[in-house]
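I opened my notebook for a friendly look through this entry. Here is what I looked up, in order.

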Amino acid sequence: MTALVLRRGPVSFRVERRTLVFTAAAVLVILGLGLLGLCYGAVWASPAKVFAALSGSSGGSGVVIRDWRLPRVLSGVVFGAALGVAGAIFQGITRNPLGSPDVIGLDSGAYTGALIALTVLSGTSAQLTTGSVAGGVVTATAVYLLARKGGLSGLRLVVIGIAVNAMLTAVNSWIVLRAELEVAIAAGSWSAGSLNGVGWDDLAIPFAVLAMLLVLLALRSQATHQSGLGGEVAVTTGVGLERLRLHLVLIGVGCTATVTAVAGPIAFVALAAPQIGRRLAGAPGVPLLPAALTGAALLQGGDLLAQALLAPVALPVGVVSTAIGGCYLIWLLTKEVRRT
Amino acid sequence: MTARLTARDLTLRYGDRVVSTRLSLDVPDGAFTAVVGPNACGKSTLLRAFVRLLRPTGGAALFDGRAVGEYPGKELARALGFLPQEPVAPEDVRVRQLVARGRFPHQSLLSTWSVADEEAVAEAMDAAGVTDLADRPVHELSGGQRQRVWVALVLAQRTPYLLLDEPTSFLDITHQYQLLELLSRLRDQGRTVIAVLHDINQACRYADHLVALRDGRVVAEGPPSRVVDAALVDKVFDLPCVVVPDPVTGAPMVVPSF
């Protein structure tokens, strides 16, 4: 294992070469998919046109690219990364590749909160975000309390989470059925998890919130990786584990809920991204950065596929991620059940 | 005999089960202390209280006269290193990466691989005899090799105190003695070693100071040659025995007498 070591004054880092190569490759893929996303649409725009539109030199014809396609592409990147780290956080805490927020019901819970905000209140961006964060926190607390006897790790929490998820999905359908027609139509297309029609107005608050959460997470990333050693060694090497876990759960729920508030519950990105990322990066445990990069690439790729599959009808990206991720989930479940 | 690591009137419990009541103990500096006793006598629990994996419900575990729970996490982790019974390695971790995790209490946000880190990891792997395994994935190693890797992690922490919870379980007899030899060398280099040991004969042979626990109380403590006799073994383990000198070292050796 070759590694790069950087030392200057009090600053020192060591990066495995494979991690570095993976990071560079992932960034290139994300940029490539981003460009493709800006080119693709009802009318194909050449990359030259895209660059002209981005630099603002193309006048009126750039509006489609700047105001329609760019927010969608950026939300694919940012939301994908947020879902990826949320998955890594919960898989790390539960020490189980199945313990991701979309499987244990946090997406559905956040969506319940958002639906309540939409049907009971007026459904502004701030209300939706608050509602879905509240829904996520309540769900996380409920799952934790129900699973507490078995500890944080193990299949018990996952199984209880799956049950909670099923119940919340039913509640969500019920709310949509009871809602007024136009609200129900809006909520219905959103319920699969979709980036269709996402605009700048929807993104200001969520991007600010996610940026803050990701910075907080970056500051705690070393302790997070150290906690992958398990509770005992983490504590005796100096990790304040209880507080760290609380912070991580809040950050993870915050990421999931913020994405859900804008795009609905996009399933399986959080489940698959951390595991794919760690294998590609060849890194130990459930590392955060590979999860973020893989999540960004997955959601972007999935969204492009969703737009292209039945074009000109744009599918919700959640349909694509569910179809692909569902197969992965079945494989993972059979593997986990065999292991225990 | 000085002691920086002490327990005063320590009461420990898991849920409703009281493990020890008002236990007091001094861990002599620079010595190899072995903690022995029957199953569920509270020996592991005592160690866990010292490294604050368990919060006492009464009394305190003290380091330099200050309750261990009052130290900032990393500061205590630079003084006390701990090897639990069955640590779990992260998936796909390699030996060098795992040992390097022992440097965590010495690192900060901007300094994660200083020259001191690199030296400490190399030295720890050397002392534990795992340098040759550095690039191997931990999950591919045998039980004995893996245990040495974990010891290396704790050594990389460079703590003056080493606490080990049954470090010889799951090892074959050769690896058990290799590990005990390593611990005595570390003691010779000036570290304080506190180990929970299952085998009283190994404890007698290697320990400078023996602590015998039963039902969460200290039944006897002192140098093995002074405290270990048939009466004590019967009292602690309910085992009728004779105690004879070990033919190699002269330390007390317990032989069951039925």
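I began with a definition: a nonpolar core is a set of buried Ala, Val, Leu, Ile, Met, Phe, Trp, Tyr and Cys residues joined through C-beta atoms within 7 Å. Buried means that 20 or more other C-beta atoms, placed from the backbone, lie within 10 Å of the residue's own.

I noted that this is a predicted model, where local features need pLDDT of at least 70, side-chain atom pairs count only at pLDDT 80 or more, and totals for chains, interfaces and linings use all residues. Residues are numbered from 1 along each chain as its sequence is written, with chains lettered from A and ligands numbered from 1 in the order written.

**Cores.** I found 88 residues in the largest nonpolar core, and A:A82, A:L83, A:V85, A:C255 and A:V269 have the most contacts inside it. Helix α3 (residues 63-94) of chain A gives the most to this core, 15 residues; helices are DSSP runs of H or I, at least four residues, numbered from the N terminus. A second, separate core has 75 residues, including B:L10 and B:F63.

**Helix α6 of chain A.** I checked its length: 24 residues (155-178) at 1.5 Å a residue should span 34 Å, and the end C-alpha atoms are 35 Å apart, which agrees. That expected span is 1.5 Å times one less than the number of residues. Its buried residues include A:L157, A:I160, A:V164 and A:L168.

**Between the chains.** I counted contacts (C-beta atoms within 7 Å): 29 residues of chain B meet 23 of chain A. Helix α2 (residues 73-77) of chain B supplies the largest share of chain B's side, three residues.

Technical notes:
A residue is buried if 20 or more other C-beta atoms lie within 10 Å of its own, exposed if 12 or fewer, and partly exposed in between; C-beta atoms are placed from the backbone. Helices (H or I, at least four residues) and strands (E, at least two) are DSSP runs, numbered from the N terminus. Two residues are in contact if their C-beta atoms, placed from the backbone, lie within 7 Å.
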